[in-house]
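Take a look at the structure below.

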Amino acid sequence: MSEVFEIAVIGSGPGGMSAAARAAELKVSHILLEASPQLSNTIFRYQKGKHVMAEPEALPLRAPVPFEAGTREAILDAWDQGMTRLGVNIRYGAEVSAIKKRDDGVFEISIGRSEKVLAKNVVLGIGLQGNIRKMGVPGEDAPFVQYQLDDPDEYEAETIIVVGAGDAAIENAVALAKQNQVIIVNRRDEFARAKEGNLRAISKAIEDGVIECYYGSAPERVDKLSVGRKPGRLILNTPKGRAQVLCDRIIARLGANPPRSFVEACGVVFPNADPASVPAISEKYESNVPGLYIVGALGGYPLIKQAMNQGYEVVEYILGNIVEPADEPLLRAKFETMPGFRSVSSALELVQKSVPLLATITPLQLREFMIDSAIRTPKAGEPIFKRNDYTNSFYCIVSGHVEIVVDEASDKRIRLEAGEFFGEMSLISGRRRSATVHAGQGCVLIETPRRSMQKLINSVDGVKKLVDRTFIERAIRGRFGDEATPAQIREVVASASLQKFKAGEVLFREGDEGDALHLVRVGSLTISRNLGGREVVLSYVPAGNYVGEMAIIGGGKRSATAKAAIATETIRVDRDAFRKLLEQNPLLRARLAQEVKQRTAENITMQAAASGGDIISFLVGQGVGEATDVLLIDESLCVRCDNCEKACAETHGGTSRLDREAGPTFADVHVPTSCRHCEHPHCMKDCPPDAIRRAPNGEVYIADNCIGCGNCERNCPYGVIHMAAKPKQKPGLLQWLLFGAGPGPGESPYDPDSNQKKAVKCDMCKDVKGGPACVRACPTGAAIRISPEQLPEYAYARNP
Amino acid sequence: MHESILDYGRYRYLWVALILSIGSLVAYLWHDPIGVPNGGTWLGYTLGTIGALLILWLLWFGVRKRRYSGASGSARGWLSAHVYLGSTLILIAFLHSGFQVGWNIHTLALALMLLVIFSGFFGVYAYLRYPSLMTRNRANTTRDAMLEEIRELDQQALALADKIDRNIHDVVLRSIQQTRLGGGILAQLRARDDSAQALASLRKAVSTAGASAKADAGSQTMVMMVDFLANQASDAQSDNLRRLIDMVSRKSALATRVARDIQLQALMEVWLYLHVPLSLGLLGALTAHVLSVFFYW
Ligand SMILES: Cc1cc2nc3c(=O)[nH]c(=O)nc-3n(C[C@H](O)[C@H](O)[C@H](O)COP(=O)(O)OP(=O)(O)OC[C@H]3O[C@@H](n4cnc5c(N)ncnc54)[C@H](O)[C@@H]3O)c2cc1C
Ligand code: HEM
Ligand code: SF4
Ligand code: SF4
Ligand code: SF4
């Protein structure tokens with residue numbers, strides 16, 4: 001351990017590998033430490049033959065090893081060859097457990113329990129896959145214990161214990177049970193974390209006795225056996241005492257520890273507790289620990305090409321060289337449309353100087369922010385977005401001004417000047433735009449997509465605070481500002497706070513004292529009353545509306561219970577502050593009293609049709625509460641002709657994006673497995689190329705730059721995304737009708753052997769003339785699409 | 001919100017159909033032809049043309065139904081119009097012919113048309129009546145799930161039967177091999193499933209297994225047989241047997257439900273096998289009818 005390397009690279013993913021390769025190319029003393037027995041474990045673990053895509057297309061590659069779109073095997077081969085050719089000093093099976101900076105500035109890198117490596121600089125490229133969680137009991141590394149499973153069909157006639165209760169554990173257990181005797185060990189009493197489909201599968205398998213389950217049980221010890229037919233046994237702590245299970249194999253699927261705690265232990269600071277936040281790094285990828293650099297997915301760059309470029313650049317920076325970042329040409333192309341453009345750096349400076357929101361972010365964050373964003377220079381009077389559009393991008397005004405139409409009827413407008421921002425409402429609530437915005441004279445805007453903006457909000461506290469405060473202020477002004485003066489509004493804003501509720505949590509209960517008013521900012525609520533000992537849902541309140549005013553105006557107790565339908569956030573306005581506002585503004589009071597009256601009347605109608613409430617409850621339970629548009633089928637009209645599926649397949653490359661039959665039914669209302677176009681689509685999170693977008697009409701769709709990683713398929717709780725390849729061309733309809741040429745309507749299965757799979761899902765037929773083909777093709781009127789705002793009306797219509 | 005084929009667009013096409021019918025009827029009554037009213041008068045030609053065009057348009061529905069990407073309205077609007085305007089054809093056709101029928105090509109076209117229309121009436125009835133029955137019968141699962149469960153039950157029953165007795169194993173195996181759900185259209189419509197028979201033969205096998213010891217076992221009920229066997233064999237044996245019978249009963253219940261499901265689906269589809277070929281036949285007859293009229297003219 002005497003040698004002190006110039007650079008130690010940890011993790012041989014695209015980022016780390018490229019860094020080590022560049023160091024080798026420049027003959028700098030280096031070492032590459034990789035935990036797994038092979039190069040680039042993340043890529044190695046892609047499905048066999050996967051077609052790896054080289055997004056973003058416009059970004060040039062700058063690395064000593066090649067990378068272009070192709071199969072996983074070809075890419076790994078090329079990298080392995082590159083490593084050998086350049087003579088990279090690589091050590092496999094070297095899992096780094098700690099990094100400590102000594103007083104003399106040299107890093108001490110611990111491998112495993114005892115070994116240490118010394119280096120002057122460390123490049124951390126460990127990606128986001130994290131360390132696989134082990135069982136944490138004696139014997140956890142026995143030869144028959146494994147923590148991954150690639151191909152369940154490999155095993156047969158074995159006794160296998162699966163430990164874990166998540167989706168991976170369940171999928172493995174169910175697949176293995178076909179050829180093996182499977183026992184699943186669940187620490188809890190139920191499979192609560194699993195997706196609906198997996199939950200059904202495992203419950204059924206257990207019920208049928210196909211899989212044996214130990215509930216509420218935790219592994220205590222793994223023993224290797226030398227006598228007997230089985231190589232090992234697992235000692236379990238069960239509610240009924242200790243149990244031992246003999247087995248051939250133990251597969252523990254306990255997920256992975258996100259690398260964050262390891263990184264924090266190295267001294268790197270994260271901006272806040274949000275799991276989505278990434279450590280702040282300088283323009284040269286240096287963290288707050290001098291000499292410790294972060295590249296790749298860990299630093300917030302989730303694509304292979306980006307990671308490889310950073311690996312190259314970071315070595316140059318360490319050596320003190322100045323290189324133009326590889327994304328410079330992209331930025332230049334962006335800024336060129338900006339009037340008075342001189343250079344990228346001056347343009348970046350201008351942006352940061354003129355928009356206070358961006359003043360505190362690091363240069364690297366700003367670059368990244370700008371790469372994802374677009375510069376817009378709309379002509380005066382041009383609409384930037386329209387009221388009721390479903391877009392959710394965010395805008396900063398660099399120069400000029402915009403006008404927001406606050407009242408359509410009177411065309412009353414307010415002005416936002418350079419330095420301000422707008423679009424935060426839809427970004428946060430996931431709902432339609434609340435007003436139309438027109439460009440003013442000489443307007444230069446930065447338009448930022450939802451994901452990048454959210455990433456920034458999650459990574460920089462100053463940005464989050466400013467956006468939240470502005471949101472509260474504008475929301476309250478929008479609701480009550482017509483009658484009240486700005487000073488009065490400011491007072492109310494000062495008393496307001498944000499409050500979060502989990503799905504199912506109660507905001508307030510019928511009979512409680514009315515202590516506050518809630519403006520729903522994210523999520524939605526159900527309003528219910530206790531009628532004869534039964535909870536009856538009366539109504540559904542989407543984001544953008546308020547609840548709790550009745551008790552405050554009436555001055556009494558809550559007349560109903562408000563409950564979060566999904567994870568929800570509200571702006572809470574204190575009773576006293578709100579009363580004061582009402583006292584000062586008799587007009588406002590009169591308007592609200594009128595609204596209260598109307599709501600009471602609606603509630604009474606719903607109360608009369610109490611079973612309508614059951615339909616709302618059922619639909620909210622099916623996730624309709626977070627939907628913007630959902631397909632419902634009236635099973636008393638559906639003749640099961642599957643025309644809806646055929647239509648979908650026919651208009652969408654041969655794969656239907658809806659499964660009519662699957663999904664639950666209540667009172668003849670059937671919720672088929674099809675996309676709900678969620679307000680805050682779960683599928684969007686962790687999409688490396690940010691390929692999932694929302695169109696102005698609300699459609700959540702997947703763009704062509706999808707890399708087929710399958711994250712969205714896993715993240716969608718409703719199981720509506722599939723991985724599919726493009727189908728072959730097929731002959732026209734009349735040719736089929738008359739001559740039987742080619743596959744018939746809706747029957748063109750995609751090519752199952754293709755490895756060029758991409759994610760496909762319902763796009764609400766945004767490119768099909770006439771709108772949703774499934775609904776239009778239904779001959780009986782059974783299939784309709786509704787938005788959750790229509791829920792009460794719908795429920796009522798079914799139960800007049 | 002959901003509109004059926006009948007109340008689509010607030011009965012828009014019912015009104016269209018009524019106006020068309022009343023219009024034709026009024027014209028027919030007001031019209032005073034020379035001689036008997038028939039297809040040869042100007043009104044006859046008019047009504048005939050309307051009818052023929054209607055038929056062509058009704059046929060076009062088969063194409064429209066499979067055109068998923070065009071923007072020409074919704075399929076349910078088309079079907080609603082199809083149903084109402086199709087029904088007016090009865091009146092229009094008879095008015096067109098002046099209620100004259102005979103043994104000729106013209107009447108063949110009329111007869112075919114009426115068959116098509118009446119099969120359509122059944123279709124509408126089926127579409128409105130059977131879906132709810134189907135939902136209720138399924139009780140929140142899918143047919144595939146039920147079939148899957150049957151398959152699993154079969155496997156388990158076989159494994160269990162193997163433990164009990166060779167004879168019983170054979171019976172279970174045979175009954176599994178014989179279980180046929182669905183099949184030809186008639187079998188589908190009859191909702192035949194062989195599971196009840198399987199249960200019966202299992203009972204018989206059980207009773208004959210016991211019969212060697214006790215002669216009148218054949219007439220005993222199942223529970224008594226199990227009790228009887230419990231005395232004969234070990235505890236585990238009788239427990240297995242009880243479980244086997246539970247399994248086979250459950251399978252039988254499932255199979256009945258699947259068969260009913262298939263039956264309902266078949267009822268919703270079978271009439272189309274008349275409706276469509278007959279409508280093509282009608283197209284032929286109609287062409288012949290029109291050609292012959294022009295030929296003789
Ligand atoms: C299924 C799937 C498909 C994808 N498809 C594409 C695609 O087609 N195109 C694309 O551009 N991107 C794709 N991605 C994203 C891409 O894989 C990542 O962006 C990329 O791997 C990130 O590179 P990285 O170097 O930051 O980290 P990683 O590639 O994750 O590499 C980290 C390495 O560090 C090692 N390591 C971790 N901890 C330690 C430790 N303590 N000590 C030593 N070594 C350690 C790991 O074993 C691993 O080899 C896909 C991702 C997934 C999951
Ligand atoms: C001469 C008159 C008619 C002709 C030529 C005709 C023709 C057709 C055709 C070609 C189809 C398409 C079937 C398919 O391709 O799947 C069809 C479907 C149908 N017709 Fe008719 N039809 C006529 C009258 C009627 C009448 C009077 C009714 C009802 C009162 C009716 C009810 C239906 C129904 C319910 C369907 C099924 C729609 C579906 O499931 O997609 N038809 N008809
Ligand atoms: S794919 Fe799933 S998560 Fe995404 S919008 Fe649709 S239902 Fe929601
Ligand atoms: S809206 Fe279009 S894409 Fe979505 S399920 Fe229906 S047919 Fe398919
Ligand atoms: S098209 Fe309509 S009737 Fe046919 S299966 Fe789909 S929902 Fe049911």
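## Around ligand 1

Helix α2(A) gives the most to the shell around ligand 1, with 3 residues. This is a predicted model. In total, 30 residues surround ligand 1. The closest are A:E34, A:T42, A:Y46, A:M53 and A:P302. By class, the shell divides into 17 nonpolar, 10 polar and 3 charged residues.

Polar backbone atoms also come up to ligand 1. One of A:N41 is 2.9 Å from an oxygen atom of the ligand. One of A:V96 is 3.0 Å from a nitrogen atom of ligand 1. One of A:I304 is 3.0 Å from an oxygen atom of ligand 1. How much of ligand 1 does the protein bury? Taken alone, ligand 1 exposes 1,000 Å², and the protein buries 92% of that. Two elements give two or more residues to this shell: α1 (14-25) and α2 (41-44) of chain A.

## Around ligand 3

Ligand 3 has its own shell. Among its residues are A:C675, A:C678, A:C683 and A:C716. By class, it has 8 nonpolar, 2 polar and 2 charged residues.

## Helix α7

Helix α7 of chain A runs over residues 304-318.

Is α7(A) enclosed or open? Of its 15 residues, 15 are buried, so the helix is largely enclosed by the rest of the structure. After α7(A) comes A:G320, whose phi is positive, near 85°.

## Aromatic pairs

Over all chains, the structure holds 18 aromatic pairs. A:F385 and A:F422 form one that is tilted. Their centres are 6.0 Å apart, with 50° between the planes. This pair links distant parts of the chain, 37 residues apart. A:F385 lies in strand β21 and A:F422 in strand β25. Both are buried: A:F385 has a relative accessible area of 7%, and A:F422 has 2%. Ring pairs also link A:F385, A:Y395 and A:F422 into a cluster.

What ties helix α13 to strand β33? A:F480 lies in the helix and A:Y546 in the strand, so their pair ties together parts 66 residues apart in sequence. The ring centres are 5.9 Å apart and the planes are at 55°, so this pair is tilted. A:F480 counts as buried at 0% relative accessibility. A:Y546 counts as buried at 3%.

Definitions and conventions
Residues numbered from 1 in each chain as written. Chains lettered and ligands numbered in written order. Predicted model: local features only at pLDDT ≥ 70, side-chain atom pairs only at ≥ 80, totals over all residues. Heavy atoms only, no water. Near = heavy atom within 4 Å. Nonpolar A, V, L, I, M, F, W, Y, C, P; charged D, E, K, R; others polar. Helix = DSSP H or I, 4+ residues; strand = E, 2+ residues; numbered from the N terminus. Expected span 1.5 Å × (residues − 1). Buried < 20%, exposed > 50% of the residue type's maximum accessible area, 1.4 Å probe, protein only. Polar contact = N/O pair within 3.5 Å; in protein donor to acceptor, adjacent residues only side chain to side chain. Areas by Shrake-Rupley, 256 points an atom, 1.4 Å probe, with all protein chains shown as cover. Phe/Tyr/Trp six-rings, centres within 6.5 Å; stacked < 30°, edge-to-face > 60°.
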